[in-house]
Each structure stands twice: as structure tokens, then as C-alpha cells.
Amino acid sequence: MALPLPSSLSPSKVASFKDCALAFRFSAIDHLPEAPSAPATKGTLVHRALELLFCRQPGERSLVTALSCLDQARAELSTDPEYTGLELTPEEEADFAADAERLLRNYFQLEDPSTVHPIGLELQLEAQVGNLRLRGIIDRLELGPEGELIVTDYKSGKSPSVNYEQGRLGGVHFYAFLCQQVLGRRPARVQLLYLSEPLAIVAEPSEQSVRGLEQRTSAIWTAVERACEREDFRPRVSPLCDWCSFRAYCPAWGGDPAAASELLPAGTV
Ligand code: SF4
């Protein structure tokens, strides 16, 4: 019996299928819950602080305001299972907060937020390509000096090495494609702001790069359809296994994939 197809693809799901088809199946098809991770939760916190900062008037977007936005974001997150599930010790909590503040301070080395004209924050966009629904969240959509569209994506993890940079820019073209489909205009610029370094990677999407993304995504969708039809999602061992929530159930590490259903909440199996 064929497995059900996922209802949509996002940039992270596309990357996950390419990284390891079995991990993709566990997450996107079997919907197994994943334990929260400190780096991902820190990313959520800093994204929220920057969202709050850009809700303020341009002249108010100082570092002092940003730090108070971070305090507000921490208060909002403090009771969320994404944070409480980390079960941090008081010492780890202090490190977590200090590192989030470091990322926010680094942001100010990349741009002056008072010069930015946002027209959308945490914008959810969806577009149909054939029988595939593409879905993505744009951290910030803004107007440039000439009225052109600019997409900004904040990254709280490490920047990609030169070898991986081109692959990670695939996400850039994904956002450009969504803008073109939903808003009828291709953004003039897409920028990835890596807060840890800090470093900005900027790309100017072209008609050709967006068409290439459409073709590559369609090819990945065909591969997902085939894997579902054959129930054939193979593990791909890599350094990412060290962070994989499903390693205990992975046959490449001696686990039994059938036992992974024990991760589902009671009553959903
Ligand atoms: S442990 Fe590695 S090979 Fe196994 S599912 Fe996770 S990422 Fe894939």
C-alpha cells in the first residue's frame, strides 16, 4: 500500500528530503514529533525579537529597543513547550539568554534597521506548481529605495561553507519563486543574514534561477511521489545523524523504524 503524500513542500522539507529520505519520511509523512532543540528554539526567540523590533517606528529601532523586544520575546516563550521541553538548568538558561543577546547585537553590525521599510513580517506564502503546493514563511519583505521588493531571511545557525553556499541559496530562489507567484513580482534581492558571524549573503534572483528552482522542486516532488508509491525511503548516513531525533529508530544505526510509532501521542496510532 502506498504511503500518503505530504500536503505541501517548504524549503526545509526539500532540504530534509535531499539530506536523508528516511528522516523526511519520519517527519513529513509519519508526522512523528521531534524533541525541541536549543539552537532551533534560540532561532525562534531571536526571530520574534526582530519581528517585534520592526513593528516599531523606524526612529525607535535602536539596540536598546531591540533588547527590550528580546525580553518580551523571552517572556512569551517562557511557558511554550518548545522552551520548557529543553529542560535547561539555570546555568544553561543564562548561556541560552546570553547567546540570544549576542545574536541580536550582531544583527546591528549587518544593517541599520531604521533605514528598512518593511511591508510584511513573518509572511506566509503558498503557491501551486502542478499538483504540488509550495509553502514558505518570509521573515521580512520590504521595499528598497526604488520601490523594488527585497526578501530578508534571518539565520541564527552558522553560515554555510563555500561548498554548501550554493545549495543553501536554493532557499533564496524558493522565496523568490513564491513572491513571483503570489505577489506577481520577482524580488530584486534576497538576503540571508547570518547573525552568528555576522555575515550577509545576498543574491539577485533572475528569471532563469527561478525557473531552475521550479524544475528542481518538481523533480524532488516526483522523487517523493515515487518513494511514497514504493514505500522506499532510505537512510543516508551523514554528520547530520548526530542531531537526528529518529536515530534510535534508524536501521543504519541498528534501530527498528516500525518502533518509531511509539513517539506518537497516545490514541493517534
Ligand atoms: S539517523 Fe541519519 S540516516 Fe538515520 S534517519 Fe536520521 S539522518 Fe537519516
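In this predicted model, the ligand is surrounded by Cys-20, Ala-23, Pro-235, Arg-236, Val-237, Cys-241, Cys-244, Arg-247, Cys-250 and Trp-253. By class, that shell has eight nonpolar residues, two charged ones and no polar ones.

**Packing of H3 and H6**

- Helix H3 (residues 38-53) and helix H6 (residues 90-110) have axes that come within 10 Å and cross at roughly 45°.
- That angle makes H3 oblique to H6, and the crossing is right-handed.
- On the H3 side, the contact involves Ala-38, Thr-41, Lys-42, Leu-45, Val-46, Ala-49, Leu-50 and Leu-53.
- The contact of H3 with H6 counts twelve nonpolar, one polar and two charged residues.

**Packing of H1 and H8**

- Helix H1 (residues 11-19) packs against helix H8 (residues 207-230) at an angle of about 60°, and the axes are 11 Å apart.
- H1 and H8 are therefore oblique to each other, and H1 passes H8 in a left-handed crossing.
- Val-14, Phe-17 and Lys-18 of H1 make the contact with Ile-220, Ala-223 and Val-224 of H8.
- The contact of H1 with H8 has five nonpolar residues, one charged residue and no polar ones.

**Confidence**

- The protein chain has an average pLDDT of 91, and 94% of the residues score at least 70.

Notes:
Residues are numbered from 1 along each chain as its sequence is written. This is a predicted model: local features need pLDDT of at least 70, side-chain atom pairs count only at pLDDT 80 or more; totals for chains, interfaces and linings use all residues. Side-chain values use heavy atoms; hydrogens and water are left out. A residue is near a molecule or strand if one of its heavy atoms lies within 4 Å of it. Ala, Val, Leu, Ile, Met, Phe, Trp, Tyr, Cys and Pro count as nonpolar, Asp, Glu, Lys and Arg as charged, and the others, Gly among them, as polar. Axes are lines fitted to C-alpha atoms, for helices over the stretch in contact, and angles run from 0 to 180 degrees between N-to-C directions. Helices (H or I, at least four residues) and strands (E, at least two) are DSSP runs, numbered from the N terminus. Angles under 35 degrees count as roughly parallel, over 145 as roughly antiparallel, 65 to 115 as roughly perpendicular and the rest as oblique. A crossing is left-handed if the near helix is turned anticlockwise from the far one by less than a right angle, and right-handed if clockwise. Contact means heavy atoms within 4.5 Å. pLDDT is the predictor's confidence in each residue, from 0 to 100.
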